[in-house]
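Work through the exercises below with the sequence and the model at hand. Try each task before reading its solution.

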Amino acid sequence: MSTAALPETGVALGLRRLYFVRFAFALLWAGSLVATASSLSAVSLALLVLYPVFDVAAAIVDLRSSKETKAVTGLYVNIAISLLAATGLVLAASSGIPGVLRVWGSWAIVSGLVQLVVGVRRRGLGGQWPMILSGGISVLAGTSFILQSAKDGATLVNLAGYALLGGIFFLVSALRLRAKSTSAR
């Protein structure tokens, strides 16, 4: 193994752990939101804000292991976008579920584009196609949330499905990274 491959393997191992954690978080978060999504309560709002805040924390962890990759700029952008989303969700809550869906949808579109770019830049690590697909799907889902916000009976339940699907993509990517890191040894 060449010394040039060592940082890549370290990044891949760090990402694998992070992706497993992100999967577990998405699973728990989605279940919790489904249980509280019938209305925009203090608990459901706290869950909604927690999701982008967790995204910020995950991006910070990712930054620590990815400092020498091309993905750093995208991670900083993701942190800024997620902080804006958390703030926007708090502010949008006063206008009800449609406002929350518009903010969430906007965040999903922009963060999906960022995730797609970061995934493309990390292709050499392996396990990034699920992240690239997830980014593209996030853009489509965000658009659907914005469209849903204009309809009667808008609900938060679809956000749980979005998070769960994103979590599954993180799991698949973690498993693919594991296979790559195991074969690199």
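## Exercise 1: Asp62

Asp62 is buried, with a relative accessible area of 6%. Buried means under 20% relative accessible area, exposed over 50%, and partly exposed in between, with a 1.4 Å probe and protein chains only. This is a predicted model: local features need pLDDT of at least 70, side-chain atom pairs count only at pLDDT 80 or more, and totals for chains, interfaces and linings use all residues. Residues are numbered from 1 along each chain as its sequence is written, and side-chain values use heavy atoms, with hydrogens and water left out.

**Task.** In which helix does Asp62 lie, and with which residues is Asp62 in contact, leaving aside neighbours within four places in sequence?

**Solution.** 
Step 1. Find the element. Asp62 belongs to helix α2, residues 42–65. Helices (H or I, at least four residues) and strands (E, at least two) are DSSP runs, numbered from the N terminus.
Step 2. List the partners. Contact means heavy atoms within 4.5 Å. Beyond four places in sequence, Asp62 touches Leu15, Leu18, Leu75 and Arg122.

## Exercise 2: The overall fold

**Task.** How many helices and strands are there in the protein, and what percentage of its residues count as buried?

**Solution.** 
Step 1. Count elements. The protein has 6 helices and 0 strands. Along the sequence the pattern reads α-α-α-α-α-α.
Step 2. Check burial. Of 185 residues, 49% count as buried.
Step 3. Check contact range. Take contacts between residues at least 6 apart in sequence: 75% of them join residues at least 24 apart.

## Exercise 3: α2 against α3

**Task.** At what angle do α2 and α3 pack, and how far apart are their axes?

**Solution.** 
Step 1. Read the geometry. Helix α2 and helix α3 (residues 72–92) pack at about 165 degrees, and their axes are 9 Å apart. Axes are lines fitted to C-alpha atoms, for helices over the stretch in contact, and angles run from 0 to 180 degrees between N-to-C directions.
Step 2. Classify. So α2 is roughly antiparallel to α3. Angles under 35 degrees count as roughly parallel, over 145 as roughly antiparallel, 65 to 115 as roughly perpendicular and the rest as oblique.
Step 3. Assign the hand. The crossing of α2 past α3 is left-handed. That term applies if the near helix is turned anticlockwise from the far one by less than a right angle; clockwise is right-handed.
Step 4. Inspect the contact. The α2 residues include Leu45, Val49, Val56 and Asp62, and those of α3 include Leu75, Ile79, Ala86 and Val90. By class, the contact of α2 with α3 has 18 nonpolar, 2 polar and 2 charged residues. Ala, Val, Leu, Ile, Met, Phe, Trp, Tyr, Cys and Pro count as nonpolar, Asp, Glu, Lys and Arg as charged, and the others, Gly among them, as polar.

## Exercise 4: α2 against α4

**Task.** Are α2 and α4 roughly parallel or antiparallel?

**Solution.** 
Step 1. Take the angle. The axes of α2 and α4 cross at roughly 15 degrees and come within 12 Å.
Step 2. Classify. That angle makes α2 roughly parallel to α4. The crossing of α2 past α4 is left-handed.
Step 3. Name the contact. Leu48, Tyr51, Pro52 and Asp55 of α2 meet Val100, Trp104 and Trp107 of α4. The residues of this contact of α2 with α4 divide into 6 nonpolar, no polar and 1 charged.

## Exercise 5: α4 against α5

**Task.** How do the residues of the contact of α4 with α5 divide by class?

**Solution.** 
Step 1. Helix α4 (residues 97–121) and helix α5 (residues 129–149) pack at about 165 degrees, with axes 7 Å apart. The two are therefore roughly antiparallel to each other. α4 passes α5 in a left-handed crossing.
Step 2. Sort the residues. The contact of α4 with α5 holds 13 nonpolar, 14 polar and 1 charged.
Step 3. Look at one residue. Pro98 lies in α4. Pro98 is partly exposed, at a relative accessible area of 27%.

**Task.** Is Ser173 buried or exposed, and which residues is Ser173 in contact with, leaving aside neighbours within four places in sequence?

**Solution.** 
Step 1. Check Ser173. Ser173 is in helix α6. At 0% relative accessibility, Ser173 counts as buried.
Step 2. List partners. Leaving aside neighbours within four places in sequence, Ser173 is in contact with Tyr19, Gly127, Gln128, Pro130 and Met131.
Step 3. Turn to Ile168. Ile168 is also in helix α6, residues 157–184. Ile168 is partly exposed, with a relative accessible area of 40%.
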